[in-house]
Amino acid sequence: MTNRNHSLIKQVIYVSTPVGFSDKILDSILIQSQVNNKKNEITGALICRSDLYLQYLEGPAHKIDFVYSKIKLDNRHTDVILLEDGRSKRRLFSNWAMKDDPVKDWMWSKDEVADGAIRQLSEGDAMKIFIQHSREVDQFLS
Ligand SMILES: Cc1cc2nc3c(=O)[nH]c(=O)nc-3n(C[C@H](O)[C@H](O)[C@H](O)COP(=O)(O)O)c2cc1C
């Protein structure tokens with residue numbers, strides 16, 4: 001019997017709280033992510049600011065599982081909560097080993113983040129954020 005999931009990529013979204021947020025820490029995370037993700041055929045986006053990381057990862061399921069298990073243990077952030085665990089035929093960020101972005105105006109205020117609005121996002125809403133985000137990236141490129 002063929003496994004229909006085999007050709008699909010895995011998509012993971014999580015939210016976490018930065019520990020010691022600074023340009024230096026952010027740069028180290030991004031450089032490490034971009035080098036590792038290229039090797040692992042992983043692409044995605046990291047939305048970040050001092051009170052929030054929101055990361056979308058897509059790629060081969062076993063590689064996503066492995067990287068996510070390392071990310072969860074990383075002491076540069078805490079309170080890692082999985083928001084989405086899905087499968088897809090196509091990538092949203094095929095050109096980005098890890099795209100980094102500040103939180104955009106259309107996203108949330110500091111108060112909303114402090115009140116836990118992002119931690120309570122449903123799977124569908126978390127995906128919608130990155131679908132919208134990937135469209136903005138495409139527009140920017142074209
Ligand atoms: C917010 C955040 C996002 C991260 N994203 C990635 C990522 O996309 N890919 C990755 O390989 N590591 C990522 N890391 C780093 C991992 O936690 C881990 O340090 C790294 O994968 C270890 O790589 P190594 O086994 O090559 O030393 C991230 C860490 C943090 C705190």
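**Notebook: fold, surface and an aromatic cluster**

I counted 4 helices and 5 strands in the protein chain; helices (H or I, at least four residues) and strands (E, at least two) are DSSP runs, numbered from the N terminus. This is a predicted model, where local features need pLDDT of at least 70, side-chain atom pairs count only at pLDDT 80 or more, and totals for chains, interfaces and linings use all residues. Residues are numbered from 1 along each chain as its sequence is written, and side-chain values use heavy atoms, with hydrogens and water left out.

**Overall form**

I read the order of elements along the sequence as β-α-β-β-α-β-β-α-α. The C-alpha trace spans about 50 × 30 × 25 Å along its principal axes.

I looked up contacts (heavy atoms within 4.5 Å). Of those between residues at least 6 apart in sequence, 83% join residues at least 24 apart.

**Surface and charge**

I have about 8,300 Å² for the accessible surface of the protein chain, with 52% of it belonging to carbon and sulfur atoms; the areas come from the Shrake-Rupley method with a 1.4 Å probe. Buried residues are 43% of the 142, where buried means under 20% relative accessible area (1.4 Å probe, protein chains only).

For charge, I took Lys and Arg as positive and Asp and Glu as negative, leaving out His and the chain ends. Each charge was placed at NZ of Lys, CZ of Arg, CG of Asp or CD of Glu. There are 20 positive and 20 negative side chains, and the centres of the two sets lie 8 Å apart.

**Aromatic rings**

I searched the whole structure and found 4 aromatic pairs. Rings of Phe, Tyr and Trp (its six-membered ring) pair if their centres lie within 6.5 Å; planes under 30 degrees apart count as stacked, over 60 as edge-to-face and the rest as tilted.

One of the pairs is Y56 with F93, tilted, at 5.7 Å centre to centre and 55° between the planes. Y56 lies in strand β3 (residues 52–59) and F93 in the loop between β4 (77–88) and β5 (99–102), so this pair ties together parts 37 residues apart in sequence. I noted both Y56 and F93 as buried.

The rings of Y56 and F130 are stacked, because their centres are 5.3 Å apart and their planes at 25°. F130 sits in helix α4 (residues 123–141) and Y56 in strand β3, so here the parts tied together are 74 residues apart in sequence. F130 is buried, with a relative accessible area of 0%, and Y56 counts as buried at 0% relative accessibility. I logged Y56, F93 and F130 as one aromatic cluster.

Note on methods:
Buried < 20%, exposed > 50% of the residue type's maximum accessible area, 1.4 Å probe, protein only.
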